[in-house]
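Here is a short report on a structural model. Look it over first, then read on.

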Amino acid sequence: MDAHLICDAERHFAGDLTIEARFEIPQPGFSVTVLFGPSGSGKTTALRLLAGLERADRGSIRVGGTPWSDAARSLHRPPQARDVGFLPQAYNLFPHLSVAANLGYGLASQSAPERTARIGELLQLLDLKGLEDRHPGELSGGQQQRVALGRALARKPRLLLLDEPLSALDRPSQLRLRKELRELLRALDIPTVLVTHDRGEALQLGDRLVVMDQGRVCQSGDIQQVFDRPTDPAVAAILGVETVVRGQIESIAGGMATISVGSARILAADPGSLGWQVFVCIRGEDVAVERGGGPATESTARNRLPARITGLSTEGSLTRISLDCGFPLESLVTRQACQDLGLAEGDAVCAILKAAAVHLIPHD
Amino acid sequence: MDWQAIRLSLWLASLTTAALLLVGLPLAYWLAFSRRRWKFLVEAVVAMPLVLPPTVLGFYLLMAMGPRSPFGRAFEGLFGHTLPFSFEGLLLASVLYSLPFMIQPLAAAFASVDKGLIEASWCLGESRLRTFRRVIAPLSWAGILTGVVLSFAHTLGEFGVVLMVGGNLPGRTRTVSIAIYDQVQAMDYAPAARTAALLLIVSFLVLTFTYALRRHQRKPWTLI
């Protein structure tokens, strides 16, 4: 059985620049594929190839068995015939039309009562009631984002393309809307491709991750797998944190959350409202290593985890220590410190981690 | 005042503007969005009437319409009379002469419509033509208004081309600017002054109206 969406296309630009879009979405129905990478890595171009706004110079795109694009046969379905919902980064709401007219813009082929009914549904779904007669210039950023999303959803597309859907909003709104957006996408049951350069957004919204850099797809797969096993240091550098593992909040008390990760338990600062499932992100610089599993000395660090060294590698003046403490944990220390302690693979040590250095991202 | 000439000028300007809208909308769309490498050639040709002396344009039009050119012969065969010194000939000349005054504001307005809005419309299933009608044209209303006003006003005041192509036949090709010239030649200053004042007032009112409508646009001081 072929994957639902198979994209293997390239777009060539002047100056020897090639952007490739190469990934699959296994099934129809709800799933979020995140195109992740630094700015200029070609994420938006990949999305535009899917939308039909860019013509592929090589390769093909097939969705549900239907070819959308095939450069070898000069086949290019125009955006009008692709049945995608596209949310551009700048939202691009029609400034001369009201909220209701923006939502109903793509429904010109429907009868007036059908259109009105659908607009009513969208106003309800996206919590825009009472704003239907406003113009985009009179809306807040968050409201504009919801109108743009509603407009993209109006025709019940087969594929939803979101280009940095939250980046135009202020930070608190971003954090609030991430949760809402994922719940909404789940309810809609449409496969979604989402572009972002924000790691937190990728982890919270995504199921599958496609890491892009300089126009190339470096790695793609299940989001946990990609964070667990980056294929090369470049991918690891793009992902940015050394340790990303799934965990479950067991309890929250006195401003501290207890999270079970693998067979270990760690403490983290209570980040406020969170689902029970989280991604735990830990930077290698925040993990210290002590010899032996001795009793706790007086320290502000809340987490002391017995661990075994599974690997050592040198990166410039730093040494990367791979640890197994019930879950895989990476520590970055200076080479000098590592030599002073005489650490070697297989040694039993203690990993020390401040609760404040544990970054939690909800992921249901 | 020569009311016949005034009526003729208004009629000519109206028809010219209508014809220019018909030709101008697709041509300006093409100029605004085409990525052909030789587009600059078309732009240069369209802009020619801005710099060419009207007599030069009139001369070539006269040659092209004359009975010795294939086009002139074809027209005569179809309609039974020649183009020069007829109202139809004058209309054709006016359309060509005022072409840049319609095309340039239209093309500038179309090109300044955010490409993202056009793409958003395509992704919502709307064809290029319907996107033009529903997004590009409504957002370009100021440019369209400017093109219409400038074409109308420019045709109303044209002189050199009319003289070359249309001559001076009362009721057929004698426009208001020719009438003023005639009156001055005949030392008949009083009617000339009245007609001139009328043209001045009409031009001023039309431009005031246009600028007033456009006063919320970003660059209110420029019409093109």
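A residue counts as buried if 20 or more other C-beta atoms lie within 10 Å of its own, and as exposed if 12 or fewer do. The model discussed here is predicted.

**Chain A**

By that cut-off, 41% of the 364 residues of chain A are buried. The chain holds nine helices and 21 strands. Its C-alpha trace spans about 75 × 50 × 40 Å along the principal axes. Take the contacts in chain A between residues at least 6 apart in sequence: 65% of them join residues at least 24 apart.

Chain A also touches chain B. Here 16 residues of chain A meet 14 residues of chain B. On the chain A side, ten of the residues are nonpolar, four are polar and two are charged.

**A helix pair in chain B**

Two packed helices are described by the angle between their axes and the distance between the axes. In chain B, helix H5 packs against helix H8 at an angle of about 160°, and the axes are 8 Å apart. Angles over 145 degrees count as roughly antiparallel. H5(B) and H8(B) are therefore roughly antiparallel to each other. The crossing of H5(B) past H8(B) is right-handed.

The table lists the residues that make this contact.

| Helix | Residues in the contact |
|---|---|
| H5(B) | B:Ser94, B:Ser98, B:Phe101, B:Met102, B:Pro105, B:Leu106, B:Ala108, B:Ala109 |
| H8(B) | B:Ala142, B:Gly143, B:Ile144, B:Thr146, B:Gly147, B:Leu150, B:Ser151, B:His154, B:Thr155 |

By class, the contact of H5(B) with H8(B) has nine nonpolar and eight polar residues, and no charged ones.

Helix H5 of chain B covers residues 87-111, and helix H8 of chain B covers residues 141-156. At 1.5 Å a residue, the 16 residues of H8(B) should span 22 Å. The end C-alpha atoms of H8(B) are 22 Å apart, which agrees. Of the 16 residues of H8(B), 13 are buried, so H8(B) is largely enclosed by the rest of the structure.

**One residue of H11(B)**

B:Tyr211 lies in helix H11 of chain B, which covers residues 189-213. Is B:Tyr211 buried or partly exposed? B:Tyr211 has 15 other C-beta atoms within 10 Å, so B:Tyr211 is partly exposed. Along the chain, B:Tyr211 and B:Ala47 are 164 residues apart.

How values were computed: Residues are numbered from 1 along each chain as its sequence is written. Chains are lettered from A and ligands numbered from 1 in the order in which they are written. This is a predicted model: local features need pLDDT of at least 70, side-chain atom pairs count only at pLDDT 80 or more; totals for chains, interfaces and linings use all residues. Two residues are in contact if their C-beta atoms, placed from the backbone, lie within 7 Å. Ala, Val, Leu, Ile, Met, Phe, Trp, Tyr, Cys and Pro count as nonpolar, Asp, Glu, Lys and Arg as charged, and the others, Gly among them, as polar. Axes are lines fitted to C-alpha atoms, for helices over the stretch in contact, and angles run from 0 to 180 degrees between N-to-C directions. Helices (H or I, at least four residues) and strands (E, at least two) are DSSP runs, numbered from the N terminus. Angles under 35 degrees count as roughly parallel, over 145 as roughly antiparallel, 65 to 115 as roughly perpendicular and the rest as oblique. A crossing is left-handed if the near helix is turned anticlockwise from the far one by less than a right angle, and right-handed if clockwise. The expected span of a helix is 1.5 Å times one less than its number of residues.
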